Amino acid sequence: MNKRGRSRIWLGAALAALMSFALTPGAAQADSGRQCSGGYVAITFDDGPTTSTAAYLKALRDAGRVRATFFVTGTLAQAQPDGTRRIAADGHRIGNHSYTHPDLVGLDPAAAFAELRDTSRIIRAQTGRAPALFRPPFGSTDARTRQDAARLGMTEVIWTADTVDWSGISTDTIVANALTVRPGGIILLHDGLQTTLAAIPKIVDGLAERGLCAGKIVRSATPVEAWPGLTFHAKAARW
Ligand SMILES: [Zn+2]
């Protein structure tokens with residue numbers, strides 16, 4: 001075999017070695033195979049945007065470009081217009097959480113509808129997209145509220161794992177509460193809390209240990225129970 005032949009064989013062997021190296025599943029690839037095998041859950045943040053929203057967005061990026069749904073109020077969106085724009089720019093979903101955060105059930109019908117309509121208009125003006133998801137303040141809802149949301153093209157979203165993060169509990173308790181979520185479920189968290197901000201990477205890690213990934217919220221044909229006596233039609237699914 002001449003020199004040229006040998007070098008050609010060497011080149012072939014080197015290429016084969018390189019290819020097999022590139023194609024051999026490394027640790028990271030093996031992990032991505034396990035990832036999401038447990039299904040999807042939705043991470044949601046209510047009551048923003050706030051002055052902490054940018055830090056939340058960074059925490060989600062740092063946790064592996066995890067995507068979430070932010071239910072914003074119209075008043076806060078007007079107060080922090082950069083907040084909604086940044087949420088949308090990072091690929092998260094924005095939902096309607098009413099204009100002034102009232103208990104909609106006790107409100108005059110026209111005022112209740114205006115709470116939803118005005119907020120959808122603000123979100124559309126700020127992000128170019130009208131929200132398709134609606135979460136009633138306090139989870140307080142009734143047939144009329146659902147009808148108002150439907151009239152504006154929105155699906156009502158409650159939650160299946162309430163972290164009670166607003167109540168002054170520790171980050172670890174927030175994480176533990178979030179991780180009670182089941183596949184397809186929806187975790188309720190709030191914008192503007194340092195304890196919740198610190199919980200974000202721990203929640204993502206805890207979900208990953210169970211093979212769960214953060215998903216988007218879609219309509220569910222079957223009713224989902226938020227608590228005894230209240231069902232809604234939304235669940236988490238792959239983005
Ligand atoms: Zn709220």
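Lysine 202 is partly exposed, with a relative accessible area of 42% (buried is under 20% relative accessible area, exposed over 50%, partly exposed in between, with a 1.4 Å probe and protein chains only). The model is predicted, so local features need pLDDT of at least 70 and side-chain atom pairs count only at pLDDT 80 or more, while totals for chains, interfaces and linings use all residues. Residues are numbered from 1 along each chain as its sequence is written, and side-chain values use heavy atoms, with hydrogens and water left out.

**Salt bridges**

- The count comes to seven salt bridges, each defined as a side-chain nitrogen of Lys or Arg within 4 Å of a carboxyl oxygen of Asp or Glu.
- Lysine 202 and aspartate 172 meet in one of them, at 3.3 Å from N to O.
- This pair links distant parts of the chain, with lysine 202 in helix α9 (residues 194-209) and aspartate 172 in helix α8 (residues 171-178), 30 residues apart; helices (H or I, at least four residues) and strands (E, at least two) are DSSP runs, numbered from the N terminus.
- Aspartate 172 counts as exposed, at 52% relative accessibility.
- Arginine 61 forms a salt bridge with aspartate 90, and their closest N and O atoms are 2.5 Å apart.
- Here helix α3 (residues 53-62), which holds arginine 61, is linked to the loop between α5 (81-89) and β3 (93-96), which holds aspartate 90; the two residues are 29 residues apart.
- Both ends are partly exposed: arginine 61 at 35% relative accessibility and aspartate 90 at 27%.
- Arginine 146 forms a salt bridge with glutamate 156, with 3.3 Å between the closest N and O atoms.
- Arginine 146 lies in helix α7 (residues 143-151) and glutamate 156 in strand β5 (residues 155-156), so the pair ties together parts that are 10 residues apart in sequence.
- Arginine 146 is partly exposed at 34%, whereas glutamate 156 is buried at 7%.

**Disulfide**

- A search of the whole structure finds one disulfide, the term meaning a pair of cysteine sulfur atoms within 2.5 Å.
- It joins cysteine 36 and cysteine 213, whose sulfur atoms are 2.0 Å apart.
- Cysteine 36 sits in the loop between α2 (27-34) and β1 (39-48) and cysteine 213 in strand β8 (residues 212-214), so the link ties together parts 177 residues apart in sequence.
- The link is left-handed, with -85° about the S-S bond.
- Cysteine 36 is partly exposed at 23%, and cysteine 213 is buried at 11%.

**Hairpin**

- Strands β9 (residues 216-227) and β10 (residues 230-237) pair in the antiparallel sense over seven bridges; pairing requires that DSSP finds at least two bridges between two strands.
- Arginine 219 has alanine 234 in β10 as its bridge partner.
- Two residues separate β9 and β10 in the hairpin, and glycine 229 in the turn has a positive phi of about 100°.
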